[in-house]
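Let's take a friendly walk through this two-chain model, with a few residues as our guides. Have the structure open beside you as you read.

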Amino acid sequence: MIKCENLQKTYPLKKGQGYQALSGIDLEIGRGEFAAVTGPSGCGKSTLLNILGLLDNPDGGRYLLEGRDVSRFDDAERSDLRLRTVGFVFQSFNLLPRFSAAENVRLPMLYRGVPKEEAAERARALLEKVGLKGKADNTPLELSGGERQRVGIARALANDPVLLLADEPTGNLDSRTGLEVMDLLRSLNAAGLTILMVTHDLNLARAAGRTIKVRDGRIEP
Amino acid sequence: MRFSEAVRTGTLEIFSHKMRSFLTFFSISIGVISIMYSLTLIYAMTSRTKKALEVAGPGRMTVEMKRNGGSDSALDAKEAKSVITLEDALAVRSEFPGLYMVSPGLKKWVELSHGQFSDEKVVEGITTEWKKRGWVYKLRGRFLNQHDLDTYARVCVLIEDGGWMKKPKWYKFYGWRDKFQDYIKHNDMLGQTIRLGNNLYTVVGILREPPAEKNPKYFMGVSNWDPSLLVPITTSQRFLNGWAWSSGGVDDITIDTGKEATIGAYKRKVDKFIKARHGGRIRFEIKDYREIIKERLADKQRDMYTVLIIGAIAILAGGIGIMNVTLATIYSRIKEIGIRRAIGASRGDIMTQFIIEAMLIGFFGGVAGILLGMAGIQYLASKGDTDMMLLQWWMPFAAIVVAVLTGFLASLYPAYQASRLDPVEALRYE
């Protein structure tokens, strides 16, 4: 489902210099896999995630998503594909504070052009699925950390993605809540969703089916 | 992205920054108010011009003495002793039979009395041609005829105010009461004898004006020099004592060619003809009616331009305000933009969102301006400003369109900037 060949990414620093975040990543992830990406800070995990999530383009190499080379897509093409195929879960949740939980979940559907009522209905169903029945009208500020992350996951699922990318989804949660969120991700994976999760926590990494270690912009064998 | 959703987001954003939004509303409002005011003035001027031309007919022009002493290189002012006279009018009449009307007028400020009542009024000496000057009256008795003119008859026709169909509120407080009009309303003057200057005149007819709402002359602005009485011009010249502009001649000769197309040609011919009659020793001018109306409206036009410029500046300031607000909004919402991009929003979605927000600011500011402006215009109208009575239903809409358009234009650049933000950087922004 995901195939990367010699992915490279360099961030410009000063004149003529650059910081090479990715220096040749080869990676293959199959449909239905749950992979944890680990590695020290600054090793290029987040850059990899951004490229896989179509937020960024690689400078070199190829990225095949479901057999299509998307590494040279322009911004509009990437936005559209991101909208339809990828769901993001963030460490700091990244919910819109003035909107209710249901409205946050609804947003990606509205960008896709789903009618308002239909989107609202599906948002409620998704919130129920992640265990937030009855909290649909609360704003993020009225929810606990674990609840916020569940809203984040529900939002990531809004457009029925084939790939869920989670950047340290438990990083801002206490360990018990973190485990609950992890259980939720595992159950989603059991239902067939492909998940790629960046984490520092080796216990969580072990709980995922596969661990990918990144160091200095490369994957350790 | 649904339009209604963008509107909702925009409204949330506007109302969570009340002061910032209020300041922008404020300058947009001023712009909208002045736009409405100027539109009303423009409308009033064009409709007055149109109505005035309708009453006058398309072929109207006036021959009158040059009033300001502007220099005329061909002619020394001391030399030019001659004035236009009744005889000029009669000669023009017989020289150019193709003209529809040649109507001389001679106004005098005359003392008038009837029994205990006395007043000073403008009395205009006329010929029978006067009837062709936009007749809007109802006549009781008879009008002046050629026999009156030939025999210097001491007869007169009164012009009675038509009143109002429905008296406006302001009229009670600010309306100027004319005691002569009151007197003739309560005393049937037809057939009576009144004293004008040192002589007695018989009232042979009474002309009643239509009610003010239906009187096209009313909206042209009534002047103190509109006559209340008409007498034969010959009688006026021979017997009537009172103060007049013209020394010995007539005030003006109003000519109607009957057709707009022939004005230019007749203007030249009449000019040459009258000059010849006076051996060139005369300083007069012929103005066609369009020029006269333009002159009358010149002051209002200046007002309008001033207000329009103030309005344009206010709208511009409002636009800059919107641009500033939108830019500030963007910098305080970089994270939000990143989140929206990450969950699938395209550049276009982001741009649309900020543009709609700015257009909403324009819209709310516009609505506020319209409410204030309407109140102001109603107030002016209630004080008797007849221009402001002509506010049309579409003017507020036009003003709103301008306000919303300002929002649109002012937000293009900031919204473009917002849409170009790198989603990865925006997401990382704290």
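A second, separate core of 39 residues includes Ala158(A), Leu164(A), Met182(A) and Ile195(A). The largest nonpolar core has 49 residues, and Ile2(A), Leu27(A), Leu52(A), Tyr63(A), Leu196(A) and Ile212(A) are the ones that touch the most other members. Here a nonpolar core is a set of buried Ala, Val, Leu, Ile, Met, Phe, Trp, Tyr and Cys residues joined through side-chain atoms within 4.5 Å. Buried means under 20% relative accessible area, exposed over 50%, and partly exposed in between, with a 1.4 Å probe and protein chains only.

Before going further, please note that this is a predicted model, in which local features need pLDDT of at least 70 and side-chain atom pairs count only at pLDDT 80 or more, while totals for chains, interfaces and linings use all residues. Residues are numbered from 1 along each chain as its sequence is written, chains are lettered from A and ligands numbered from 1 in the order in which they are written, and side-chain values use heavy atoms, with hydrogens and water left out.

**Inside chain A**

Helix H3 of chain A (residues 101-112) is largely enclosed by the rest of the structure, because 11 of its 12 residues are buried. Helices (H or I, at least four residues) and strands (E, at least two) are DSSP runs, numbered from the N terminus. The cover over the buried residues of H3(A) includes H2, H4 (116-129) and H5 (145-156) of chain A, together with H1, H10 and H11 of chain B. After H3(A) comes Gly113(A), with a positive phi near 90°.

Thr85(A) sits in helix H2 (residues 75-85) of chain A and counts as buried at 10% relative accessibility. Beyond four places in sequence, Thr85(A) is in contact with Leu54(A), Leu65(A), Pro161(A), Val162(A) and Leu163(A).

**Where the chains meet**

How many residues of each chain are in contact at the interface? There are 25 from chain B and 26 from chain A. Together the chains bury about 2400 Å², 55% of it on carbon and sulfur atoms; buried area is the accessible area (1.4 Å probe) that two parts lose on being put together, summed over both. The rule finds 3 salt bridges across this interface, a salt bridge being a side-chain nitrogen of Lys or Arg within 4 Å of a carboxyl oxygen of Asp or Glu.

**Inside chain B**

Chain B has 13 helices and 10 strands, and 51% of its 430 residues count as buried. Asp148(B) lies in helix H4 (residues 146-150) of chain B and is buried, at 3% relative accessibility. The C-alpha atoms of Asp148(B) and Thr234(B) are separated by 8.7 Å, although the two are 86 residues apart along the chain.

| Pairing | Kind | Distance |
|---|---|---|
| Arg8(B) and Glu103(A) side chains | salt bridge | 2.2 Å, N to O |
| Asp148(B) and Arg142(B) side chains | polar contact | 2.8 Å |

Terms used: Contact means heavy atoms within 4.5 Å. A polar contact is a pair of N or O atoms within 3.5 Å; within protein, one must be able to donate a hydrogen and the other to accept it, and residues adjacent in sequence count only if both atoms are side-chain atoms.
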